[in-house]
Amino acid sequence: MRVAAVDCGTNSTRLLVAQAADDGPRPLRTLARRERVTRLGHGVNAVGRLSETAIDRTVQVLDDYARLWRDQHVERVRITATSAVRDAANASSFLDRVEEQTGTRPRILSGEDEAAASFLGSTSALAAEPPLLVLDIGGGSTELMTGADTIETSTSRQLGSVRLLEQHLHDDPPGPEQYAAVRATVVSEVSEAAAELGGGGRRTLIGVAGTITTLAMLHHGRPAGDVHGRWLDRTAVLQLIEDMAWVPATRRGTVWSIPEGREDVIVAGALILAGVLEHFDLSGLIVSEADLLDGVALGLLSPDARGATRRS
């Protein structure tokens, strides 16, 4: 069976077409993986609504994705929406547009649903020493999860790279006072997240999503798709922040190989990662390119999958 999982995030809209793997260390065989920066959540933190322009951008990308999954003869499809759509007063308008265009109505994931899918996707594709701490840095929210074979505790915070950019980083490049405001927000949110998670002792950190994979690509000098399972050192994260923070976003894409659309949010996302590493006193993390999408796809492959659009 071939399945398609789509994530409409605050910053990017992503697609995974996959089927169960016959062998190997990962449970899924990837047939197609796409990512487009659509910035669906632009302005949601300030006005509480999705803009029509952002909806148009995202729906157009989803239309392109729908043609791809039809060409791949996919049997089950699930489109998910996360922080930006959760927070938007006009979410139903977006859901209606997507269903009209693609034939599939998106499912809005709660923070807990998002955490569970990210934990399943990342841990199923890596052999890491438990106990585990999984970090998913998004554009609008950040999820932290603990567990071993299964998720035990999780928390979702209103902390994301786009949200921090729009809240605090108003200049290009931002000044020291603006970065100080970001750090203060990160310290507060991560401290509250850690209190919610409870427990103590050292954990193995697994990091997923665009901020972390981009930082790993920059540090290791590797392309997308070739940083899965690699170690990203805390010292390297701090050095990348220092190198990029004072360079205008308009120049970052030419100085470093940052994927288009992430130039303005990469430092904010990196500061979230640095805050987690500092709070939990960790020397680094394992990077996973398997994430929420993989968790959703694994759910679609289960015999009792519910709520998926079925294709003949």
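A hairpin of 3 residues links strand S1 to strand S2. Strands here are DSSP E runs of at least two residues, helices are H or I runs of at least four, and both are numbered from the N terminus. S1 covers residues 2-8, and it runs antiparallel to S2 with 7 bridges between them. Pairing requires at least two DSSP bridges between two strands. Take one example. Val-6 has Leu-15 in S2 as its bridge partner.

A word on the source. This is a predicted model: local features need pLDDT of at least 70, side-chain atom pairs count only at pLDDT 80 or more, and totals for chains, interfaces and linings use all residues. Residues are numbered from 1 along each chain as its sequence is written, and side-chain values use heavy atoms, with hydrogens and water left out.

Ala-18 has Thr-30 in S3 as its bridge partner.

Now a contrast. Ala-46 sits in helix H1, residues 44-47. Buried or exposed? Ala-46 counts as exposed, because its relative accessibility is 69%.

Zoom out to the whole protein. The secondary structure comes to 12 helices and 12 strands. The radius of gyration is 18 Å, close to the 20 Å of the globule rule for 312 residues, so the protein is as compact as a globular protein of that length. That radius is taken over C-alpha atoms, and the rule is 2.2 Å times the number of residues to the power 0.38. Along the principal axes, the C-alpha atoms fill a box of roughly 55 × 45 × 35 Å.

Burial next. Of the 312 residues, 56% count as buried. Then contacts, meaning heavy atoms within 4.5 Å. Among those between residues at least 6 apart in sequence, 71% join residues at least 24 apart.

Last, the surface. Accessible surface comes to about 13,100 Å², and 47% of that belongs to carbon and sulfur atoms. The areas are Shrake-Rupley values with a 1.4 Å probe.

Key
Buried < 20%, exposed > 50% of the residue type's maximum accessible area, 1.4 Å probe, protein only.
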